[in-house]
Amino acid sequence: MISAFARRLASVAVAGTVLAGAMLTSAGPAAAAYPTCYGKRKVATAPYNELVWIPAVSSTGSTSCNLRLGDYNNTGVSVLQDAINRCNRPQNFAPIVVDGDFGQKTKDLLIVAQAIRETDTDGIYGPLTRDAFYWPLPSGEGCRAIH
């Protein structure tokens, strides 16, 4: 006969496995591996060594972070939206509003920009997109890659 404790322990283990599986299938690889970019950081471009703003983790300054549908009121999203509009958008696509809200229009244009830059077209901003994108110079006179 199985004790009440053992049954309870088995239930918790099954529930944990189901929850973990749901979390892994609902979030893409970029979303699962990195924290959200709530801020911005200046980073030097290569090979020109000019400084550009890119999304970053507010508390640490790390640029290994992500942005995705549903992020709102977010400085990192505004930086991304500006970079898409100024440096990574085809001319025949209308610019998106730079409002810090990662809505469906931001996701759709991000996917187009990811395709142009030949990186994963998952609609999630992460380190692969960061490295593939061009970033606007603060002077407004051009765009540069950081890698």
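I would like to begin with the link of Cys87 and Cys143, which is left-handed, with -80 degrees about the S-S bond. This pair joins distant parts of the chain, since Cys87 sits in helix α3 and Cys143 in strand β4, 56 residues apart. The sulfur atoms of Cys87 and Cys143 are 2.0 Å apart, and a disulfide here is a pair of cysteine sulfur atoms within 2.5 Å. Helices (H or I, at least four residues) and strands (E, at least two) are DSSP runs, numbered from the N terminus.

Before going further, please keep in mind that this is a predicted model, in which local features need pLDDT of at least 70 and side-chain atom pairs count only at pLDDT 80 or more, while totals for chains, interfaces and linings use all residues. Residues are numbered from 1 along each chain as its sequence is written, and side-chain values use heavy atoms, with hydrogens and water left out.

Cys37 lies in the loop between α2 (29-33) and β1, and Cys65 in the loop between β2 and α3, so the pair ties together parts that are 28 residues apart in sequence. Both Cys37 and Cys65 are buried.

Let me return to helix α3, where 10 of the 14 residues are buried, so the helix is largely enclosed by the rest of the structure. Its buried residues, among them Val77, Leu80 and Ile84, pack against β1 (39-44), β2 (51-56), α4 (104-116), β3 (134-136) and β4 (143-145).

Finally, how confident is the predictor? The chain averages a pLDDT of 84, and 78% of the residues score at least 70, where pLDDT is the predictor's confidence in each residue, from 0 to 100. Over residues 1-28, however, the pLDDT is below 50, and this stretch has four contacts beyond near neighbours in sequence, a contact meaning heavy atoms within 4.5 Å.

Note on methods: Buried < 20%, exposed > 50% of the residue type's maximum accessible area, 1.4 Å probe, protein only.
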